[in-house]
Amino acid sequence: MRESSTDERISAPEAVSAAAEETVVDETTAEEADSAPADSAAEPADITYDEQFYPARPKALRPIARRRQYLASRPSLEFDGRNAAYVEWLRNQAMLGDANVLARQLSGQASMWQNSYAHPNPRAAVERAPVWFTAYPLSFITQPGQSFLSALGDASMWEAFREIGIRALHTGPVKLAGGISGWTQTPSVDGHFDRISMAIDPVFGTEDEFRQMCEVAADHGGTVIDDIVPGHTGKGADFRLAEMNFRDYPGIYHMIDIPEEDWHLLPDVPEGQDSANLSPESEQALQEAGYIIGRLQRVIFYEPGVKETNWSATRAIVDTTGKTRRWVYLHYFKAGQPSINWLDPTFAGMRLVVGDALHSLVDLGTGALRLDANGFLGVEKSAEEQPGWSEGHPLSEAANQLIGSMIRKVGGFSFQELNLTIDDIKATSESGPDLSYDFITRPAYHYALVTADTELLRLTLRLSMEIGVDQASLVHALQNHDELTYELMHFASGHRDEVFEFNGQELTGAQLADQVQQTMRERLTGENAPYNAVFTTNGIACTTVSFIMAALGIRAPEAITREQEGQVLDAHILLSMYNALQPGVFALSGWDLTGITALDREHVHALTSEGDTRWINRGAHDIMGTSPDAETSSAGMPRARSLYGSLPDQLQDSASFARRLQRILKVREDNGIATGTLLDVPDVSNRGLLVMVNRLGDGALQVTVLNFSGQDIAGSIQSAHLPPGASVQDLFSGETVGQVDDLHSFFLELSAHQGTALLLHDEDPGAEEAHGPGSAHPSADEGTHLT
């Protein structure tokens with residue numbers, strides 16, 4: 001698929017030798033023309049209206065089909081466009097080149113027209129992969145000498161997954177990431193989400209091991225889910241070629257060529273660095289000059305002196321024509337993650353991303369893709385003095401539709417991890433990815449456990465229903481590699497001035513979000529939980545277990561008692577029930593399966609020194625118990641403390657997290673809860689209760705009841721959807737536990753931090769037959785009531 005395999009690529013010494021006597025002559029055609037300046041005589045003498053007010057605009061808006069060619073001097077050992085061997089070395093590993101080669105192989109094939117692709121199909125995706133294990137390569141402990149991908153292809157692990165009820169594996173990003181400096185690859189700056197190649201990173205394994213993993217998964221009825229990053233790349237070969245203005249590579253990015261006469265507007269690049277972040281003052285000056293659109297709606301990863309704006313300036317670099325250039329480029333995330341331009345005339349960025357997606361699906365054999373950072377694909381100038389439009393932009397929706405459609409066209413499905421308003425998630429789900437990460441209720445269920453109050457959770461679930469988000473289209477997850485997000489974008493951003501009733505008060509969305517965030521910070525970090533940490537303005541860096549410890553008031557994890565461990569386990573199972581006993585995908589990680597606590601931040605000080613505290617929630621773990629003496633993962637992440645132990649050990653204990661989870665997933669699967677429809681989130685008689693009424697695919701009514709408080713609760717469960725006279729069956733015990741009265745209610749008791757799933761049976765003798773096989777429930781000896 002690549003222009004030359006890894007083994008065939010030119011090594012640095014060979015490249016220098018091959019170029020020793022060459023002269024760089026660019027034989028670019030009109031189609032591939034570099035944008036060297038035209039002769040000054042060709043430029044009009046009169047100043048136009050645009051030039052008068054925006055002096056940076058005229059040259060950008062005056063394309064010339066064929067420009068004067070510059071001949072460089074003899075090739076040097078500089079890492080720039082004068083070195084033909086270096087340029088060729090970069091071309092041989094650029095993602096855009098791979099995408100072009102792959103596209104030519106797929107064009108005109110009948111296989112490209114065998115699947116429907118116009119509309120997302122969330123329930124088909126959920127049926128195919130209802131429960132996911134989300135891996136994180138850097139934190140996965142393997143056997144000595146075994147690669148990460150080889151470990152994920154281990155048949156014994158997939159047998160354990162199948163026994164528990166896990167049907168899919170999300171690998172996390174495993175392709176080469178980071179950057180290139182000279183002939184050297186530099187490390188990732190964001191957990192391998194700064195991709196620079198379609199090649200598998202050797203630290204994780206090989207392409208053959210990846211394909212073997214996909215085959216083993218299929219043999220066990222499972223699906224492998226890979227990642228693509230439509231929003232940015234790392235500073236790899238594609239970015240270095242873009243800096244050299246090579247062919248259409250600059251079109252991949254939001255890059256603006258700044259003429260030398262305006263370099264005084266740019267910051268100096270420190271020695272040893274390849275770029276410098278713009279100060280707000282420089283950002284404004286470049287905006288006023290007409291070069292960039294200026295500040296955006298927010299600065300993610302904001303850090304004084306490190307990232308104060310979303311723009312950086314490159315060092316001076318000689319391009320392939322011999323001209324020295326400096327660029328300003330957009331990076332919505334870190335400086336090493338230049339943003340992709342989805343509306344450049346070359347459509348080079350689009351080709352790169354789609355090629356990466358097809359490589360994972362068609363070449364490697366995955367069944368689905370996660371779209372990372374796909375909400376930030378369009379930026380546009382706003383009114384003067386206003387931030388640029390960069391979130392909820394229609395271009396993001398259009399690009400997501402294109403990506404999602406292409407994935408469906410080759411038989412896969414996709415999901416997005418998009419932390420925006422509920423309205424935006426609804427809009428993107430209409431024609432884009434098949435599934436969306438549940439940023440809607442995730443912070444709300446965390447808040448419910450912290451406060452023993454489900455009011456916010458009930459509010460967000462109801463808003464989701466009112467706006468039209470289908471719960472079955474969401475990925476309901478426990479911990480992943482990121483922080484516990486509490487931005488509450490729906491309230492803090494899109495509906496910040498709208499008034500909501502909350503805690504007996506009328507609060508604006510902004511006030512509500514601030515109140516929730518302040519409560520979370522106070523309860524989950526600082527003196528109450530020094531083992532957790534605030535992550536910039538986004539949330540709390542913690543594991544599910546360390547979050548639960550803080551919510552329960554445990555201040556010293558190293559001194560935790562057996563009784564407290566039992567309380568943590570009960571709360572962990574409660575959160576699992578919330579995510580699993582409703583329509584949609586249920587996802588959990590190795591940190592959840594083994595009960596991992598947060599790392600001591602001193603153990604990852606080098607990683608957290610620039611403010612990224614999330615490394616404390618990424619401790620290494622050994623889910624299969626293959627390397628009990630390992631102190632780190634093969635990537636060097638320190639091993640974290642495990643409360644639950646390995647899966648083989650847990651499967652020997654009926655009271656373990658894995659076995660209790662297995663019973664939840666069996667109830668979920670036997671009754672088709674994952675593909676049901678959420679009908680109602682009724683008011684409750686106790687603020688710690690949550691009730692969700694679901695309509696199953698066979699028409700039966702299913703009710704999930706959860707107690708988020710630390711106290712036993714006895715009370716009425718009431719909803720207009722509950723038919724009077726119906727019997728209420730506990731799906732874990734198989735027993736009838738009540739009957740719906742004429743007020744559409746029934747009585748139920750739940751212990752602290754416990755929950756259950758119930759099925760309603762119409763007393764009409766013909767109802768059982770009408771509802772079909774939905775009555776095939778576990779008997780009392782197959783599962784026990786979780787209270």
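1. Glycine G221 takes a positive phi of about 70°, and its place is just after helix α9. Helices here are DSSP runs of H or I with at least four residues, strands are DSSP runs of E with at least two, and both are numbered from the N terminus. The model is predicted: local features need pLDDT of at least 70, side-chain atom pairs count only at pLDDT 80 or more, and totals for chains, interfaces and linings use all residues. Residues are numbered from 1 along each chain as its sequence is written, and side-chain values use heavy atoms, with hydrogens and water left out.

2. Helix α9 covers residues 207-219, which is 13 residues. The expected span is 1.5 Å times one less than the number of residues, so α9 should span 18 Å; its end C-alpha atoms are 19 Å apart, which agrees.

3. Which residues of α9 are buried? They are E207, F210, M213, C214, V216 and A217. Buried means under 20% relative accessible area, exposed over 50%, and partly exposed in between, with a 1.4 Å probe and protein chains only. An α-helix has 3.6 residues a turn, so residues three or four places apart point the same way.

4. The buried residues of α9 pack against helices α7 (148-152), α8 (155-164) and α12 (348-364), and against strands β2 (168-170), β6 (195-200) and β7 (223-228). Contact means heavy atoms within 4.5 Å.

5. A452 is not a glycine, yet has a positive phi of about 55°. A452 is in the loop between α15 (442-451) and α16 (455-467), and counts as partly exposed because its relative accessibility is 30%.

6. L488, also not a glycine, has a positive phi of about 50°. L488 lies in the loop between β17 (484-485) and α17 (489-494). At 5% relative accessibility, L488 counts as buried.
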